[in-house]
Amino acid sequence: MKRRSRIRIAGSEVGLFPHSLALNPRFRPEVQRIKVDVEIEWEPLRRNDALVALENALVEISPNLRRHECFGPPAYRILRGFDAPRDTPDGETAQIELPLALAHLLEHLMIDTVATLTGEVLVSGATGARWDSRQRFDIFVECSDVAVAPLVVRLSVSWMQAVMAGRRLDGAGPPALELAHRIYARSGRGLDPTAWARRQRRDPRQVASALRWLEKNGFVRREQDLVYYQTERRAATPPRRRSA
Ligand SMILES: [Zn+2]
């Protein structure tokens with residue numbers, strides 16, 4: 001019988017959530033946070049092996065995870081599988097809760113996605129278990145620009161779902177994040193994706209596939225040869241007429 005493996009977003013929003021400050025002393029009170037309410041079912045047979053395999057697959061997609069500082073409880077620190085087994089000092093395997101470990105990994109993926117998209121160097125996050133369920137968690141990740149939050153959540157969750165199911169990422173892979181960052185960094189001036197792919201010596205088919213995914217999911221829009229981040233006004237454009 002196939003073991004259940006599922007990750008579902010029950011809700012996500014952006015705000016200051018003052019109560020979340022207690023979860024991580026590095027949270028900056030004035031910086032907004034993305035809050036994701038996530039439900040996770042994951043019961044692999046070989047627990048530690050499954051977690052290490054999942055972390056390895058995520059590092060392939062998001063290599064910067066290796067550079068993260070993780071201040072969580074020792075048994076839950078990410079990427080421990082690379083250098084130390086999850087053993088307690090007396091040699092017994094720590095009985096970590098796998099759904100919580102997975103939620104915590106999703107938090108780190110979101111941190112990485114925020115940092116890549118916005119170019120911010122320091123981004124903090126926290127994962128809180130909920131009193132009403134052992135499979136439901138609140139993840140908080142700093143995000144100074146509300147405009148990037150939907151893409152952060154969508155990409156991070158897509159990556160986690162793909163890795164759990166052993167699926168390919170196709171258009172939602174790392175090139176989509178890099179391209180979105182380039183478009184976002186243009187601050188309303190628009191990016192010519194064909195010229196960018198040529199300049200950066202990127203595979204044009206990969207860039208086209210990433211662009212299709214970003215467009216289809218409403219994160220970017222095309223105007224003639226240029227692509228804009230969906231929430232941005234084109235620079236120096238007269239205000240749009242609103243229909244009554
Ligand atoms: Zn951590």
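Which residues does Ala 126 touch, not counting residues up to four places away in sequence? Point 7 answers this.

1. Basis. This is a predicted model: local features need pLDDT of at least 70, side-chain atom pairs count only at pLDDT 80 or more, and totals for chains, interfaces and linings use all residues. Residue numbers start from 1 along each chain as its sequence is written.

2. Overall make-up. The chain has six helices and six strands. Both kinds of element are DSSP runs numbered from the N terminus, with helices being H or I of at least four residues and strands E of at least two. Their order from the N terminus is β-β-α-α-β-β-α-α-α-α-β-β. The chain has 244 residues, and 32% of them count as buried. Buried means that 20 or more other C-beta atoms lie within 10 Å of the residue's own; exposed means 12 or fewer, partly exposed is in between, and C-beta atoms are placed from the backbone. Among contacts with a separation of 6 or more, 69% join residues 24 or more positions apart. A contact requires C-beta atoms, placed from the backbone, within 7 Å.

3. Helix 2 against helix 3. Axes are lines fitted to C-alpha atoms, for helices over the stretch in contact, and angles run from 0 to 180 degrees between N-to-C directions. On the scale used, angles under 35 degrees are roughly parallel, over 145 roughly antiparallel, 65 to 115 roughly perpendicular, and the rest oblique. Helix 2 contributes Leu 106, Leu 109, Met 110, Thr 113, Val 114 and Leu 117 to the contact, and helix 3 contributes Leu 151, Val 152, Leu 155, Ser 156, Trp 159 and Met 160. By class, these residues are 10 nonpolar, two polar and no charged. Ala, Val, Leu, Ile, Met, Phe, Trp, Tyr, Cys and Pro count as nonpolar, Asp, Glu, Lys and Arg as charged, and the others, Gly among them, as polar.

4. Helix 2 against helix 4. These axes come within 8 Å and cross at roughly 40°. That makes helix 2 oblique to helix 4 as well. Thr 113, Thr 116 and Leu 117 of helix 2 meet Leu 177, Ala 180, His 181 and Tyr 184 of helix 4. The residues here divide into four nonpolar, three polar and no charged.

5. Helix 4 itself. Helix 4 (residues 174–185) has 12 residues. From first C-alpha to last it reaches 16 Å, close to the 16 Å expected at 1.5 Å a residue. The expected span is 1.5 Å times one less than the number of residues. Its buried residues are Pro 175, Ala 176, Leu 177, Leu 179, Ala 180, Ile 183 and Tyr 184. They pack against helix 2, helix 3, helix 5 (193–199), helix 6 (204–216), strand 5 (220–223) and strand 6 (226–229). Ser 187 follows helix 4 and has a positive phi, near 45°.

6. Glu 107 lies in helix 2. Glu 107 is buried because 25 other C-beta atoms are within 10 Å. Leaving out residues up to four places away in sequence, Glu 107 touches Gly 125, Thr 127, Ile 139 and Val 141. Pro 99 is also placed in helix 2. Pro 99 counts as buried because it has 22 C-beta neighbours inside 10 Å. Pro 99 and Ile 40 are 59 residues apart in sequence, yet 5.5 Å apart C-alpha to C-alpha.

7. Ala 126. Ala 126 sits in strand 3 (residues 125–130). It is buried, with 22 other C-beta atoms within 10 Å. Not counting residues up to four places away in sequence, Ala 126 touches Ser 20, Leu 23, Asn 24 and Phe 140.

8. Positive phi in loops. Phe 17 is not a glycine, but its phi is positive, near 35°. It lies in the loop between strand 1 (5–15) and strand 2 (33–42). Phe 17 is partly exposed, with 16 other C-beta atoms within 10 Å. Gln 224 has a positive phi of about 50°. Its place is the loop between strand 5 and strand 6. Gln 224 is exposed, with 7 other C-beta atoms within 10 Å.

Note on methods. Contact = placed C-beta atoms within 7 Å.
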